[in-house]
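Open the model in your viewer and show it as a cartoon.

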Amino acid sequence: SLKQFFGIELNDFAVKVAETALWISRLQINGGTPLPGRDPEPDLPLTETARIVCANALRCDWNEVLPAERCSYILGNPPFLGARYQTPEQKAEIKEVFHNSRNCGNIDYVTGWYMKAAEYMKDYPVRAAFVSTNSICQGEQVANVWKPLTDLGVHIDFAHNTFRWTNEAENPAHVFIVIVGFSKQVDDKTLYYHDSPDSEATILHPQRINPYLANAPDVFIWSRNTPLCHIPEIGIGNKPIDGGNYIFTEEEKDEFLRREPGAARFMHPFIGAEEFLHGKKRYILYLAPASEQELLGLPLCMERINKVREYRLASTSAQTRMLAQKPRNYHVENMPAGNSIIIPEVSSERRDYIPIGYITPDNLCSNKTKLIPNARLYHFGVLTSQFHNAWMRRVAGRLKNDYSYSNNIVYNNFVWPEPSEEQMARIEEAAQHILDVRKTFSNTLAELYDPDLMPASLKEAHTANDRAVEDAYGVDFGGDEEKIVSHLFRLYSDKIREFGE
């Protein structure tokens with residue numbers, strides 16, 4: 001009966017649309033087989049109606065629409081608005097709904113409905129499910145959103161992990177979403193697992209579903225400024241803020257050095273994510289080490305320095321204008337003395353492994369990459385392993401559906417193994433073999449790590465590295481990613497308890 005339906009819509013037109021949609025659904029159902037033991041109610045005249053009230057769902061008391069003790073299910077498709085796209089009024093609504101909980105100013109608008117539902121259901125047998133942006137189960141938002149919800153006794157009953165939802169419009173918006181069902185009841189779990197956003201769901205029945213939609217304990221990965229383990233710290237590459245005056249294509253670099261060969265020692269390969277993954281070449285001048293005497297003989301370099309100074313002075317940013325006092329320096333400088341690991345900031349979700357690199361100090365990286373200075377082959381081996389990639393896939397944020405690698409969530413919270421010297425040597429040997437195999441191909445890294453194009457020899461090298469890293473963790477999961485993720489969540493939980501967090 002439509003009398004069983006209650007709803008909240010923000011404007012009058014939406015209320016009428018909702019009422020009409022329910023009537024259409026009622027007519028469609030009555031055109032089919034009636035429920036056993038029930039005579040279908042006449043469709044005409046239109047006597048029954050749902051109760052759809054016109055109100056702001058985040059501001060009103062849901063009990064005034066329907067007392068919680070009379071409610072069975074809450075369902076909906078709340079508005080999708082990221083934290084940066086909310087109006088001041090919407091941000092104020094979220095902060096009020098979440099009672100100014102930790103980092104609640106940095107969560108999606110859709111999460112307000114989760115908190116309203118969790119508080120509304122109290123201890124009644126109410127179940128809720130919402131269509132939502134997939135970001136609420138990824139990256140930094142998970143702890144911000146789900147810690148206050150679990151504190152209320154809420155747990156996830158079922159979920160669809162990320163899939164692509166399209167509509168029938170002429171130019172449809174392709175949105176990556178999740179569906180999360182939750183309650184305070186005890187019940188079996190069901191995960192509709194989509195291997196990729198466009199694949200059909202495989203139905204799984206895990207023991208539990210945590211807020212990362214993994215069969216693992218309810219732990220929360222908070223943003224951390226330093227690594228949880230004793231490893232090199234991670235940063236970003238160089239950020240010149242130079243108006244492009246220090247950056248050259250290969251042709252521009254060759255012409256510049258033809259005219260001013262004395263600048264050669266200040267010219268370096270400049271590697272961003274695009275250059276690293278797709279084999280493109282760029283170069284950058286770094287003139288801070290040049291003496292005043294050297295610069296007197298480098299008029300083209302001096303011309304570039306003056307243009308950078310002028311560019312910065314014209315900026316609307318006070319900080320950038322201050323940088324004009326040191327035009328030979330970059331805004332961010334990260335130039336390790338030893339070998340470094342480079343990780344692209346964004347990587348395709350299709351890849352089994354994020355392509356990462358091990359580079360020499362003559363290469364300068366851009367701020368579109370993550371950089372781990374003075375790293376060993378051991379660090380490269382662990383980071384390129386299935387263990388680290390499985391962790392990244394579960395906790396990283398996303399850009400559309402591509403992986404967005406973060407320092408504070410992915411790297412700093414990853415729990416490393418504690419290998420023996422022999423195990424560490426095996427990892428370093430396997431890591432070097434990956435690098436050696438790559439060199440036998442002229443393909444770009446984007447091509448080598450495309451799952452449809454990845455050469456067998458490179459797959460074998462990675463498999464050997466995976467086995468070496470798995471052995472260092474003291475487990476034998478045979479590549480079962482769900483077991484790997486569960487194990488890493490348990491290690492994380494133990495580690496933060498050890499630190500008293």
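**The whole chain**

Start with everything selected. The chain holds 16 helices and 19 strands. Keep in mind that this is a predicted model.

Of the 501 residues, 50% count as buried.

Next, colour by charge. There are 53 positive and 67 negative charges, and their mean positions are 4 Å apart.

One last overall view: contacts. Take those with a separation of 6 or more; residues 24 or more positions apart account for 71% of them.

**Stop one: strand 4**

Select residues 127–133. This is strand 4, and six of its seven residues are buried.

While the side chains are on, follow them along a strand. In a regular strand the side chains alternate between the two faces of the sheet.

**Stop two: strand 12**

Move to residues 282–285, which make up strand 12. Show strand 10 as well, at residues 247–249. Strand 10 and strand 12 pair in the antiparallel sense over three bridges.

Now bring in strand 11, residues 267–271. Strand 11 also pairs with strand 12 in the antiparallel sense, over three bridges.

Centre on Tyr 283 in strand 12. Tyr 283 is the bridge partner of Phe 248. Tyr 283 is also the bridge partner of Pro 269.

**Stop three: Asn 389**

Select helix 11, residues 386–395, and find Asn 389 in it. Is Asn 389 buried or exposed? Asn 389 counts as buried because its relative accessible area is 2%, and the cut-off for buried is under 20%.

Show the residues around Asn 389. Leaving out residues up to four places away in sequence, Asn 389 touches Asp 352, Tyr 353, Ile 354, Leu 383 and Thr 384.

Finish with Ser 385. The backbone oxygen of Ser 385 lies 2.8 Å from a polar atom of the Asn 389 side chain.

Conventions
Residues are numbered from 1 along each chain as its sequence is written. This is a predicted model: local features need pLDDT of at least 70, side-chain atom pairs count only at pLDDT 80 or more; totals for chains, interfaces and linings use all residues. Side-chain values use heavy atoms; hydrogens and water are left out. Helices (H or I, at least four residues) and strands (E, at least two) are DSSP runs, numbered from the N terminus. Buried means under 20% relative accessible area, exposed over 50%, partly exposed in between (1.4 Å probe, protein chains only). Contact means heavy atoms within 4.5 Å. Lys and Arg count as positive and Asp and Glu as negative; His and the chain ends are not counted. The place of a charge is taken as NZ of Lys, CZ of Arg, CG of Asp or CD of Glu. A polar contact is a pair of N or O atoms within 3.5 Å; within protein, one must be able to donate a hydrogen and the other to accept it, and residues adjacent in sequence count only if both atoms are side-chain atoms. Two strands pair if DSSP finds at least two bridges between them.
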